[in-house]
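Student: I have a model open and would like to learn how to read it. Could you walk me through a few features?

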Amino acid sequence: MAAQGALWSEFSFVVSSGVRERVIASLAGTPKVPKQLAVETGLRIYHVSRALRELSDRGLVECLTPANKGRGRLYALTDDGSGLLDYLAQSRRRFLPVPARAHAAPFVPKIRASTLLRFLAQLRASQGESAVREAVEGWGVNPSDLGDDTWLSVDAYARFLDLVEAKFGDGSYAFVRAQFAEAVASFPTVREQISLPIPLEALAERATIVYGKEWNFGRMEVQTSKRRAVFAHFDWMPTPAMCAMFHGVYEGVLKARNFPGKVTKTRCVRNGDDRCEYVVAW
Ligand SMILES: [Zn+2]
């Protein structure tokens, strides 16, 4: 897919609106005119036209007959649109059956702000208060409005991480990864786990508990063997910063437990795999 970097935000953009999702799904395989789409989706033509406009603006849908007037225009998915639809279908299949709801509440992938607040505290300590303030100036969210129980959209979280990398990193996200490795032991839900007097293998298996408290979507699986744990993250489209975040998080937990070890990224949704996978060995 040409715009791989944008796939996550396109995914949220589409799933945040049932209308867009139905229009894009209805275009699978065959180009259609708005009227056909309206009949097939059961949506009003006005809503179909608006969704087509929005999806065209994002490069997910294109008009094949721009010379035609309004409702006679034929629309098709672009390569990016087809790629996104494949991804949507793949993540939906794991949750079947999905009832067809005409007015489903929009689903917004979210993450708890408590981790971001601890990360910010770490960042202020390492980079200074004013540099951090400059970094998040254009974010659109005021960090002082956030509490541990505030839920942030994953899009906003991703934008935040990109601002941080742009300000302090070199574009490789090594900075984000290293800062998460430092900060993770202070995350409230992580802290309560790493303080348990249990072997690292047992601790690794409890990562799903933490995940369930921090994210409102997606799924993670853990497989452990002696001195080794494999963490798999399904059903999401991470930004590069988010992959770096998890990499750093696993490194930070090893460090907090004083285990010299190594975290290796072995699969990534961004590379077309069905999961992001981190292998931790110690
Ligand atoms: Zn990944």
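**Reading the model together**

Tutor: Gladly! Let's begin with the domains: the protein chain is divided into domain 1 (4-93) and domain 2 (110-281). Keep in mind that this is a predicted model.

Student: How far apart do the C-alpha centres of domain 1 and domain 2 lie?

Tutor: The separation between those two C-alpha centres is 33 Å.

Student: Next, helix packing. At what angle do the axes of helix 8 and helix 13 cross?

Tutor: In general, angles of 65 to 115 degrees count as roughly perpendicular. Here, the axes of helix 8 (residues 154-168) and helix 13 (residues 240-256) cross at roughly 85° and come within 9 Å. The two helices are therefore roughly perpendicular to each other.

Student: Which residues make that contact?

Tutor: Helix 8 brings Ala-158, Leu-161, Asp-162 and Glu-165, while helix 13 brings Ala-241, Met-242 and Met-245. Sorted by class, the contact has five nonpolar and two charged residues, and no polar ones.

Student: Now a loop residue. Where does Asn-216 lie, and why does Asn-216 count as partly exposed?

Tutor: For exposure, count the other C-beta atoms within 10 Å: 20 or more is buried, 12 or fewer is exposed, and partly exposed is in between. Asn-216 has 14 C-beta neighbours inside 10 Å, so it counts as partly exposed. You will find Asn-216 in the loop between helix 12 (207-214) and strand 5 (219-225).

Student: Which residues is Asn-216 in contact with, leaving aside its neighbours within four places in sequence?

Tutor: Those partners are Pro-109, Lys-110 and Trp-151. Compare sequence with space, too: Asn-216 and Val-108 are 108 residues apart in sequence, yet their C-alpha atoms are 8.7 Å apart.

Definitions and conventions. Residues are numbered from 1 along each chain as its sequence is written. This is a predicted model: local features need pLDDT of at least 70, side-chain atom pairs count only at pLDDT 80 or more; totals for chains, interfaces and linings use all residues. Axes are lines fitted to C-alpha atoms, for helices over the stretch in contact, and angles run from 0 to 180 degrees between N-to-C directions. Helices (H or I, at least four residues) and strands (E, at least two) are DSSP runs, numbered from the N terminus. Angles under 35 degrees count as roughly parallel, over 145 as roughly antiparallel, 65 to 115 as roughly perpendicular and the rest as oblique. Two residues are in contact if their C-beta atoms, placed from the backbone, lie within 7 Å. Ala, Val, Leu, Ile, Met, Phe, Trp, Tyr, Cys and Pro count as nonpolar, Asp, Glu, Lys and Arg as charged, and the others, Gly among them, as polar. Domain bounds come from an automatic or database domain assignment.
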